[in-house]
Amino acid sequence: MATGIASVSGQLHLRKPVYWRSSYGKAQCHSNVILNGMQNQIPWSYWVSKFLRVHRSNYSQCQVKTNWKSHSGTINSCQRDGSTRYFDFAVIGSGIAGLRYALEVAKHGTVAVITKAEPHESNTNYAQGGVSAVLCPMDSVESHMQDTIVAGAYLCDEETVRVVCTEGPERIKELIAMGASFDHGEDGNLHLAREGGHSHRRIVHAADMTGREIERALLEAVFKHPNIHVFQHHFAIDLLTTQDGSDIVCHGVDTINTETQEVIRFISKVTLLASGGAGHTYPSTTNPPVATGDGMAMAHRAQAVISNMEFVQFHPTALADEGLPIRPTRTRENAFLITEAVRGDGGILYNLDMERFMPMYDERAELAPRDVVARSIDDQLKKRGEKYVLLDISYKPREKVLSHFPNIAAECLRHGLDITQQPIPVVPAAHYMCGGVRAGLEGETNVHGLYVAGEVACTGLHGANRLASNSLLEALVFARRAVQPSIDHMNVSRIDHGASSWWSRPVAPMLLGDTVHGKVIHRTREVRKELQSIMWEYVGIVRSTSRLTAAEKRIRELELEWETYLFQHGWEPTMVGVEACEMRNLFCCANLVVNSALSRHESRGLHYTIDFPHVEESKRLPTIIFPSQRNSSWSSRQLHRQQIC
């Protein structure tokens, strides 16, 4: 995967030539891109929006050239032509961002919600803690902003932070109006919890199952809406794009129905990518199995700009199965999360000798941001040669513990552990990608017609480390902000029913035969475990240049070996299968993370390297991965881009 990585300021002040790093080559200087001096402190959101406005002005010319001559206005119903579906809006992902967006744009046209598994299977559904918002008179937007920026190691975009913190309370009220039920205190007001990194109680929650409650309310509304059509078990393969000069336009997405193996093409005027993160790049993650970086990889192949991929957040406290009295009988597909709210509610971390250790690392102790707590636990485990630490909330009143954390209590009790009497064994696990597809203040990308929201996006809110419970908030705010520009784009777009023939159709690998296909799947699963092992061993919580370089080399060799195996067994470039497509997406995301990490010569937030252990103010710059026309392998090549002459 040939990528260009440029360090551009968190304020996007441009002041020096941009150095591009290729995953398969040496760094190159692209002297045409010059960065402004430090005296011109302009937020990145301004530059992103300006860049995209310029491209929008070119887009009107691009429309004329592509000659889309039929179907202006909205599509009245779900139209189909064989295995092609036509919609005004295509939404990839059924988490909080995708569903909230779908409900708004459905007022203006037809919507396809495309989801990889069951509609509820998303990171949203697994979110325990809650949504942060300023809803208490003693709190303030400025305080929430400051907490976010401090947690983000001062790499956050201030304008984005202000927008999210200011608009957040209204987004919460909209959820409540739609039927989401959150916990209330004895005074009748919303019960606000506190989590690590927050200076006030501002976490709206539904016990320790907040995401599940939000997902329930949104899905209920989505299924009732006549303009929204949900396509479950449809795995997104690649975005459908055309290119005219420097302009890239998204026209929808190809998918494969994982139950029938039929390839379904969605042609749409607007596409929202809300596909979540890439936790399964690592062997242990709190993310559900669907989180294989599909959206980030598809967008990268479609020439979208990617940013800040080195900042992988490891949640400090996932349940450590090895420390349970009764171990699970089979390996979990994803680690069970022990919410940040346990520490926010007074939970204390101990090593196995019951020595409290967090005060040795940070004056905020257990309430330090996640990056600090995760590194502290990692240090304890390595120094002591142990496999987990203990999180104790048992000194709190039993009724309070059970009312605040019923889901955690029930899961632990299934394995013989009573959290009201015993400490919980915990260990860090991959949790959240702070980087992703670079977005402006309205969720826009450099690809016309493609918008992003949720974990797949990099808006500038999280900087180098996400503040607890800011993820659901960001998803709500940007899903809502992307609505009006999406409607505007839809209103000036037209669908040509002949567009479906512009791209060759991918095919399921049925021709390989069951035996050969079985071998390919088996080898792919082995390769997946090897990649995850490399990422944990070399690109984990603590990094070094030599280990990152070794990871880069090993991943490149593994990817080449895997592709060679596929094609030696009859695989064709147009073939698609869930295991193979997930694997190429995982390779893509792993390469993006490693190359981004190699470009950052400092330790900031979630990226800690022993070779550059300090924060460098001169390097307070987000990492930018620019599009590249070079396609070095099947894994990194977009299958469905059409050049317009």
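Me: Which residues does M535 touch, not counting residues up to four places away in sequence?

Reply: This is a predicted model, in which local features need pLDDT of at least 70 and side-chain atom pairs count only at pLDDT 80 or more, while totals for chains, interfaces and linings use all residues. Residues are numbered from 1 along each chain as its sequence is written, and side-chain values use heavy atoms, with hydrogens and water left out. Contact means heavy atoms within 4.5 Å. Beyond its sequence neighbours up to four places away, M535 touches T281, Y282, G540, I555, A590, V593 and V594.

Me: Which residues have the most contacts inside the largest nonpolar core?

Reply: In soluble globular proteins, nonpolar side chains tend to be buried together. A nonpolar core is a set of buried Ala, Val, Leu, Ile, Met, Phe, Trp, Tyr and Cys residues joined through side-chain atoms within 4.5 Å; buried means under 20% relative accessible area, exposed over 50%, and partly exposed in between, with a 1.4 Å probe and protein chains only. Here the largest core has 65 residues, and L531, M535 and V539 have the most contacts inside it. Helix α17 (residues 578–599) gives the largest share of this core, twelve residues. A second, separate core of 53 residues includes F89, C165, L461 and F478.

Me: How should I read the strands, and which strands does β6 pair with?

Reply: Strands of a sheet pair through backbone hydrogen bonds, either parallel or antiparallel. Helices (H or I, at least four residues) and strands (E, at least two) are DSSP runs, numbered from the N terminus, and two strands pair if DSSP finds at least two bridges between them. Strand β5 (residues 84–92) runs parallel to β6 and is joined to β6 by four bridges; I92 stands opposite I114 of β6. From β5 the chain passes through helix α2 (residues 96–105) to β6 in a right-handed β-α-β crossover, a term for a path from the first strand over the helix to the second that runs clockwise when the strands point away from the viewer. Strand β10 (residues 228–231) also pairs with β6 in the parallel sense, over four bridges, and its F231 stands opposite I114.

Me: Which residues of β6 lie on each of its faces?

Reply: In a regular strand the side chains alternate between the two faces of the sheet. In β6 (residues 111–114), V111 and V113 lie on one side and A112 and I114 on the other; all are buried, and both faces are covered.

Me: What is the strand order in the open sheet of three strands?

Reply: The order is β7-β9-β8, with antiparallel pairing. The edge strands, each pairing on one side only, are β7 (131–132) and β8 (192–193). Two bridges join β8 to β9 (residues 203–204), where I203 is the bridge partner of A193.

Me: Is Q313 buried or exposed?

Reply: Q313, found in strand β15, is buried, with a relative accessible area of 0%. A polar atom of the Q313 side chain lies 2.9 Å from the backbone oxygen of R466. Leaving aside neighbours within four places in sequence, the residues in contact with Q313 include R370, H431, Y432, N465 and L606.

Me: Where does Y154, with its positive phi of about 60°, lie?

Reply: Most residues other than glycine have a negative phi, and most peptide bonds are trans. Y154 is not a glycine, yet has a positive phi; its place is the loop between α4 (141–151) and α5 (158–177), and it is partly exposed at 45% relative accessibility. Q261 also has a positive phi, near 65°, and lies in the loop between β12 (247–257) and β13 (263–273).

Me: How many aromatic pairs does a search of the whole structure find?

Reply: Rings of Phe, Tyr and Trp (its six-membered ring) pair if their centres lie within 6.5 Å; planes under 30 degrees apart count as stacked, over 60 as edge-to-face and the rest as tilted. The search finds eight pairs. The rings of F357 and Y361 are edge-to-face because their planes stand at 85°, with centres 6.3 Å apart. The rings of W502 and W503 have centres 5.6 Å apart and planes at 55°, so this pair is tilted. One aromatic cluster is formed by F87, F231 and F266.

Technical notes
A polar contact is a pair of N or O atoms within 3.5 Å; within protein, one must be able to donate a hydrogen and the other to accept it, and residues adjacent in sequence count only if both atoms are side-chain atoms.
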